Amino acid sequence: MAHVITTGCIDVKDGACVQCCPVDCIYEGARTLYIHPDECIDCGICVSACPTQAIYEVFRLPPALAHYTAINREFFAPEVSGLGSPGSAQDVGPQACDHPRIAQELPSAAL
Ligand code: F3S
C-alpha cells in the first residue's frame with residue numbers, strides 16, 4: 001500500500017490522477033476511484049494532479065481519513081468488486097459498485 005484516495009474524490013471523480021498514473025493502477029468505482037495497493041509503485045505523481053487533494057501517501061493520512069487505507073484495499077476483494085489484481089484499470093473499465101463504506105460517506109462538496 002503506497003497511496004490512497006479519500007473523501008475528496010467522492011462524486012467528483014476528476015480523473016486527472018488516472019491520466020498521469022504510469023502504471024494504470026487507479027480503478028473507477030461508482031462514486032469514487034481506488035488505488036490498487038499492490039499495483040501502485042509509490043511514485044506520488046497523482047498527489048499533485050488531484051484538484052481536490054483527495055490522494056495521500058498512506059503514512060501521511062490524517063487520522064480522520066485513516067479508514068481509507070482499508071477502503072482502497074478492500075475494494076478489490078471478492079466480496080466487493082472481485083477485481084483482485086488485474087494489472088490495468090483501463091482493461092477492466094469502470095465498475096458499477098463501491099466499497100460499502102463509501103455509500104455512508106457524504107459527497108465531498110457537502111463537507
Ligand atoms: Fe478523484 Fe482526484 Fe483522481 S478527484 S479521480 S482522486 S484526480
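Helices and strands here are DSSP runs, a helix having at least four residues and a strand at least two, numbered from the N terminus. On that basis the protein, a predicted model, reads β-α-β-β-α-β-α-α along its sequence. Its radius of gyration is 12 Å, close to the 13 Å that the globule rule gives for 111 residues, so the protein is as compact as a globular protein of that length.

**Overall build**

- The protein has four helices and four strands.
- Taken along the principal axes, the box filled by the C-alpha atoms is roughly 35 × 30 × 25 Å.
- Of the 111 residues in the protein, 44% are buried.

**Ligand site**

- The ligand takes up the space of the largest cavity.
- There are 13 residues around the ligand, and those that come nearest are Cys9, Asp14, Gly15, Cys17 and Cys50.
- By class, nine residues of the shell around the ligand are nonpolar, two are polar and two are charged.

**Residues with positive phi**

- As background, most residues other than glycine have a negative phi.
- Lys13 has a positive phi, near 50°, and is not a glycine.
- Lys13 is placed in the loop between strand 1 (3–5) and helix 1 (16–20).
- Asp24 has a relative accessible area of 18%, which is under the 20% cut-off, so Asp24 is buried.

**Tyr27**

- Tyr27 is part of strand 2.
- With a relative accessibility of 1%, Tyr27 falls under the 20% limit and therefore counts as buried.
- Tyr27 and Asp42 are 15 residues apart along the chain, and 16 Å separates their C-alpha atoms.

Key: Residues are numbered from 1 along each chain as its sequence is written. This is a predicted model: local features need pLDDT of at least 70, side-chain atom pairs count only at pLDDT 80 or more; totals for chains, interfaces and linings use all residues. Side-chain values use heavy atoms; hydrogens and water are left out. Buried means under 20% relative accessible area, exposed over 50%, partly exposed in between (1.4 Å probe, protein chains only). A residue is near a molecule or strand if one of its heavy atoms lies within 4 Å of it. On a 1 Å grid over the protein atoms alone, a cavity is a set of points where a 1.4 Å probe fits but cannot get out, and a pocket is an open set with protein on both sides within 12 Å along at least five of seven lines; lining residues have an atom within 4 Å of a point. A molecule sits in a cavity or pocket if more than half of its atoms lie within 2 Å of its grid points. Ala, Val, Leu, Ile, Met, Phe, Trp, Tyr, Cys and Pro count as nonpolar, Asp, Glu, Lys and Arg as charged, and the others, Gly among them, as polar. The radius of gyration is taken over C-alpha atoms; the globule rule is 2.2 Å times the number of residues to the power 0.38.
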